[in-house]
Amino acid sequence: MKYDHVDRLLIQWEQQRPDLDSSSMGVIGRLCRVNKIIEQRLQHAFKEHGLSAIEFDILATLRRNNMPMTPTEMYQSVMLTSGAMSTRIEHMVQRGLIVRIANEEDRRSCKISLTPEGKALIDKAVESHLENQKNILESLTETQQEQLATLLRDWLLANESAN
């Protein structure tokens, strides 16, 4: 049998503290390691398109919604602070990926929209992103992927509202 990094940790805990049930470490430890590996692979794919993960999220949010959005709507969607969102928006406006549209009803606010360049970039980046995700999951069968998605959905449904 092959052992992964987490197996080795569990064996060590079993040797040092056999009185503890460390089985939860098997799940949580693996999820943490999986997350690190996936984040690295996603970051690499985003960089190929000249984007950070946050910039990808902003462009993808605008593309999915297919309509201008306020910075507040966007930062709630991508989980950034309003200050961080303002900085990212300014940078992306300067790059020509998005534009600010004045709000005719409230001069203090604006909406953000994709430029044609931003739309073309996110369309290419999403295609690469999906291919990258398929490659990340290729070691699992389609059935295993569906099972994993169901298990993770169940866990999220039970825990997302708790935070």
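**Starting at T115**

In this predicted model, select T115 to begin: with a relative accessible area of 9%, T115 counts as buried. T115 sits in the loop between β2 (110-114) and α6 (116-137), and, leaving aside residues up to four places away in sequence, T115 touches G96, L97, I98 and V99.

**M92 and its contacts**

M92 belongs to helix α5 (residues 82-94) and is buried, at 0% relative accessibility. Drawing a line between the C-alpha atoms of M92 and E55 gives 7.8 Å, although 37 residues separate the two along the chain.

**From E55 to the salt bridges**

Which residue does the side chain of E55 meet in a salt bridge? The partner is R95, with a distance of 3.3 Å from N to O. Because E55 lies in helix α3 and R95 in the loop between α5 and β1 (98-102), this pair ties together parts that are 40 residues apart in sequence.

Next select E90 and R100, which form a salt bridge whose closest N and O atoms are 2.6 Å apart. Here the link runs from helix α5, which holds E90, to strand β1, which holds R100, over 10 residues. E90 is partly exposed, with a relative accessible area of 31%, and R100 is partly exposed too, at 42%.

A further stop is the pair D4 and R30, whose side chains meet in a salt bridge at 2.7 Å, N to O. This pair connects the segment before α1 (5-16), where D4 is found, with helix α2, where R30 is found, and the two residues are 26 apart. Both are partly exposed, D4 at 30% relative accessibility and R30 at 28%. A search of the whole structure finds six salt bridges.

**The aromatic pair**

Now colour the rings of F46 and F56. One aromatic pair is found in the whole structure, and F46 and F56 form it as a stacked pair, with 4.4 Å from centre to centre and 25 degrees between the planes. Since F46 lies in helix α2 and F56 in helix α3 (residues 53-65), the pair ties together parts that are 10 residues apart in sequence. Are these two residues buried or exposed? F46 is buried, and F56 is buried as well.

**Out to the surface**

Switch to a surface view and select V27, I28, L31, L148 and L152, which form a nonpolar patch with about 420 Å² of accessible area together. Two or more residues of this patch come from each of α2 (23-47) and α7 (142-159), and α2 gives the most, with three residues. On the other helix, L152 lies in α7 and is partly exposed, at 37% relative accessibility.

**Two last selections**

Select N66 in the loop between α3 and α4 (71-78). Most residues other than glycine have a negative phi, yet N66, which is not a glycine, has a positive phi of about 55 degrees. N66 is exposed, with a relative accessible area of 61%.

Finally, display C32 and C110: C32 is partly exposed, at 44% relative accessibility, whereas C110 is buried, at 17%. The structure holds zero disulfides.

Note on methods:
Residues numbered from 1 in each chain as written. Predicted model: local features only at pLDDT ≥ 70, side-chain atom pairs only at ≥ 80, totals over all residues. Heavy atoms only, no water. Patch = residues over 30% accessible without salt bridge, like charges linked within 9 Å, V, L, I, M, F, W, Y side chains within 5 Å. Areas by Shrake-Rupley, 256 points an atom, 1.4 Å probe, with all protein chains shown as cover. Salt bridge = Lys/Arg side-chain N within 4 Å of Asp/Glu carboxyl O. Helix = DSSP H or I, 4+ residues; strand = E, 2+ residues; numbered from the N terminus. Buried < 20%, exposed > 50% of the residue type's maximum accessible area, 1.4 Å probe, protein only. Phe/Tyr/Trp six-rings, centres within 6.5 Å; stacked < 30°, edge-to-face > 60°. Contact = heavy atoms within 4.5 Å. Disulfide = S-S within 2.5 Å.
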